[in-house]
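Good morning, colleagues. Please turn to the structure on the screen, and I shall take you through its main features.

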Amino acid sequence: MPSDKLVVESISGSNAGESIVKLTGPLVLNTLFGFQDTMQQQTAALTLVDLNGVPYVDSAGLGSLVKFFVSYKRHGRKLILVAPCEQVQSLMSMTKVETLFEIYPSVSDAERSTAAGAS
C-alpha cells in the first residue's frame with residue numbers, strides 16, 4: 001500500500017559497539033530508502049535490526065536485508081535480526097534466507113547473547 005510508511009529509528013545498544021535500528025511499518029520497495037540510508041550510516045561492530053513493528057516484508061525489503069548482511073560481513077561487522085513476525089519469518093524460511101541470519105525473539109535476548117559471546 002503506497003500510503004504505508006516505514007519509521008526508522010537508530011538507537012544506541014546496551015553493549016559497547018552495538019546499535020539498534022528499530023523499524024515500524026512495512027519494509028517494501030516504496031518504503032525502504034530511509035532504511036537503506038540509516039543502514040549505510042551505521043558504523044557499530046554489531047547492528048541489531050528490530051523487526052518487531054514490521055508487519056510485512058516484500059522481496060525488495062528482504063533483498064535489502066540480505067544486501068546489508070553481506071556488506072556488513074565483508075567489512076568485519078555483524079547484523080542480527082530481532083523479532084520478525086510470522087509472515088516475515090515464513091518468507092525468510094521459504095527463501096532459505098533465515099540460514100544467513102542470527103535471529104532472536106527480542107532485543108534483550110540478542111543483547112544478552114552477544115554480550116555473553118563477547119566475554
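Predicted model: local features only at pLDDT ≥ 70, side-chain atom pairs only at ≥ 80, totals over all residues.

The chain contains 4 helices and 5 strands. Followed along the sequence, these elements come in the order β-β-α-β-α-β-α-β-α.

As to overall dimensions, the C-alpha trace spans about 45 × 30 × 25 Å along its principal axes. How does the radius of gyration compare with what a compact globule would have? For 119 residues, such a globule would have a value near 14 Å, and the chain has 13 Å, so the two agree. Of the 119 residues, 43% count as buried. The accessible surface amounts to about 6300 Å², and carbon and sulfur atoms contribute 56% of that area. Contacts across the sequence also deserve mention: among those with a separation of 6 or more, 68% join residues 24 or more positions apart.

Let me now turn to the helix pair. Helix H1 covers residues 32-41, and helix H2 covers residues 59-74. How are these two helices oriented relative to each other? Their axes come within 11 Å and cross at roughly 5 degrees. Angles under 35 degrees count as roughly parallel, and H1 and H2 are therefore roughly parallel to each other. On the H1 side, the contact is made by Leu32, Phe35, Gln36, Met39 and Gln40. These meet Ala60, Gly61, Ser64, Leu65, Lys67, Phe68 and Tyr72 of H2. Sorted by class, this contact has 7 nonpolar, 4 polar and 1 charged residues.

Another residue of H1 is Thr38. Thr38 has a relative accessible area of 15%, and because buried means under 20%, this residue counts as buried. Leaving aside residues up to four places away in sequence, Thr38 touches Val8, Ser10 and Val21.

Ala83 is not a glycine, yet its phi is positive, at about 55 degrees. Ala83 sits in the loop between strand E4 (78-82) and helix H3 (86-94). Lys96, also a residue other than glycine, has a positive phi near 65 degrees. Its position is in the loop between H3 and strand E5 (102-104).

Technical notes:
Residues numbered from 1 in each chain as written. Heavy atoms only, no water. Buried < 20%, exposed > 50% of the residue type's maximum accessible area, 1.4 Å probe, protein only. Contact = heavy atoms within 4.5 Å. Axes fitted to C-alpha atoms, helices over the stretch in contact; angles between N-to-C directions. Parallel < 35°, antiparallel > 145°, perpendicular 65-115°, else oblique. Nonpolar A, V, L, I, M, F, W, Y, C, P; charged D, E, K, R; others polar. Rg over C-alpha atoms; globule rule 2.2 N^0.38 Å. Areas by Shrake-Rupley, 256 points an atom, 1.4 Å probe, with all protein chains shown as cover.
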